Amino acid sequence: MYFPEYRPRRLRNNKSIRTIISETNLSVQDLIYPMFIVSGKRVKEKINSMPGIFRYSIDNAIKEIQEVKALGILAVLVFGITEKKDEFGTQGYDEGGIVQRALREIKDKIDDIILITDVCMCEYTSHGHCGIIRDGRVDNDETLKYLSMIALSHAKAGADIVAPSDMMDGRVGAIRTTLDENGFSDVAIMSYSAKYASAFYGPFREAAHSKPGFGDRKGYQMDPPNVREALREIAIDIEEGADIVMVKPALSYLDVIRAARNEFDHPIAAYNVSGEYSMVKAAGGLGWIDEKTVMMEILTSIKRAGADIIITYFAKEAAKILITSKR
């Protein structure tokens with residue numbers, strides 16, 4: 001059936017028609033809001049490279065989460081920032097650490113918000129790498145013990161989901177075993193399964209004070225040209241007990257999200273990372289693009305590629321637009 005009998009433009013004539021035949025529907029419930037939490041009181045620090053994103057003390061983080069919840073967003077991803085760093089990242093698994101204290105206070109003040117925690121060592125180590133350094137390189141197997149301690153301390157403090165982002169081999173299995181053996185079999189694991197060694201993380205490293213002190217992370221994060229390797233990584237994590245798998249970054253890796261969606265039935269998360277956020281903010285601030293429209297187009301593309309969950313710094317802004325569009 002061809003023109004003139006078939007005219008695809010009939011189904012584009014107005015917004016209502018376009019809406020009822022829409023193949024991809026982005027929802028507020030798809031979004032997770034990442035947050036940076038620091039010690040202190042009444043702290044709300046600007047992050048220069050991420051306009052509109054802040055570091056919050058716990059008291060202000062609670063206010064922010066209450067606002068997030070009111071928008072219909074169901075979950076936040078918590079990153080802890082500490083000034084006390086050492087080679088073993090001890091603040092990462094300290095019961096009095098910033099994440100652990102934040103989890104307890106948030107749980108005490110707010111009901112029905114899913115608390116997800118980043119499980120890694122880079123924010124806590126003096127060298128800025130994601131594991132224990134031996135002879136100038138990250139020791140994979142020794143690091144697993146520390147990651148498991150971090151995950152367990154988060155579970156004890158009230159985390160609903162732990163999210164290992166380190167890219168060590170075997171860490172999902174190690175964390176799952178540790179959680180189960182300590183009575184936390186109900187705590188889920190959202191694994192950063194295909195986390196690429198990307199230049200798009202630059203603003204995050206400023207926000208979290210987590211730039212590596214030497215070298216880079218290419219020895220453990222994935223090489224950007226590879227997609228078949230990503231599928232192997234995801235398959236391994238599922239076998240080890242991951243409940244949700246993730247592709248990170250999102251925008252330059254939409255093909256990886258689609259390949260994962262075609263291959264696996266597990267829930268797939270995608271992280272719309274700091275560099276992707278900051279590029280849009282910078283271009284929008286200069287008047288080069290329609291910032292809000294571009295934001296929604298990017299988020300829709302991530303959902304269209306196959307992501308069930310989108311972690312994004314745009315979560316609040318997008319939620320406001322989605323709520324308005326539903327009225």
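Reader: Hi! Is Asp112 buried or exposed?

Author: Asp112 is exposed, because its relative accessible area is 70%. Exposed means over 50%, buried under 20% and partly exposed in between, with a 1.4 Å probe and protein chains only. This is a predicted model, where local features need pLDDT of at least 70 and side-chain atom pairs count only at pLDDT 80 or more, while totals for chains, interfaces and linings use all residues. Residues are numbered from 1 along each chain as its sequence is written, and side-chain values use heavy atoms, leaving out hydrogens and water.

Reader: Thanks! Where is Asp112, and what is its phi?

Author: Asp112 is in the loop between α3 (98–109) and β5 (114–119); helices (H or I, at least four residues) and strands (E, at least two) are DSSP runs, numbered from the N terminus. Its phi is near 60 degrees, a positive value in a residue other than glycine. Most residues other than glycine have a negative phi.

Reader: And what about phi of Arg42?

Author: Arg42 is not a glycine, yet has a positive phi of about 55 degrees. Arg42 sits in the loop between β1 (31–38) and β2 (44–46), and is exposed at a relative accessible area of 70%.

Reader: Switching to rings: how many aromatic pairs are there?

Author: There are twelve aromatic pairs. Rings of Phe, Tyr and Trp (its six-membered ring) pair if their centres lie within 6.5 Å; planes under 30 degrees apart count as stacked, over 60 as edge-to-face and the rest as tilted.

Reader: Why is the pair of Tyr196 and Tyr253 stacked?

Author: Their ring centres are 4.3 Å apart and their planes at 25 degrees, so the pair counts as stacked. It links distant parts of the chain, 57 residues apart: Tyr196 is in the loop between β9 (188–195) and α6 (202–208), and Tyr253 in the loop between β10 (244–248) and α8 (254–263).

Reader: Are those two buried or exposed?

Author: Tyr196 is buried, at a relative accessible area of 0%, and Tyr253 counts as buried at 8%.

Reader: Which ring faces does Lys248 lie over?

Author: Lys248 lies over the face of Tyr201, at 4.8 Å from the ring centre, and over the face of Phe204, at 5.5 Å. A charge sits over a ring if NZ of Lys or CZ of Arg is within 6 Å of the ring centre and within 35 degrees of the ring normal.

Reader: What kind of peptide bond joins Lys248 and Pro249?

Author: That bond is cis, with omega about -5 degrees. Pro249 lies in the loop between β10 and α8.
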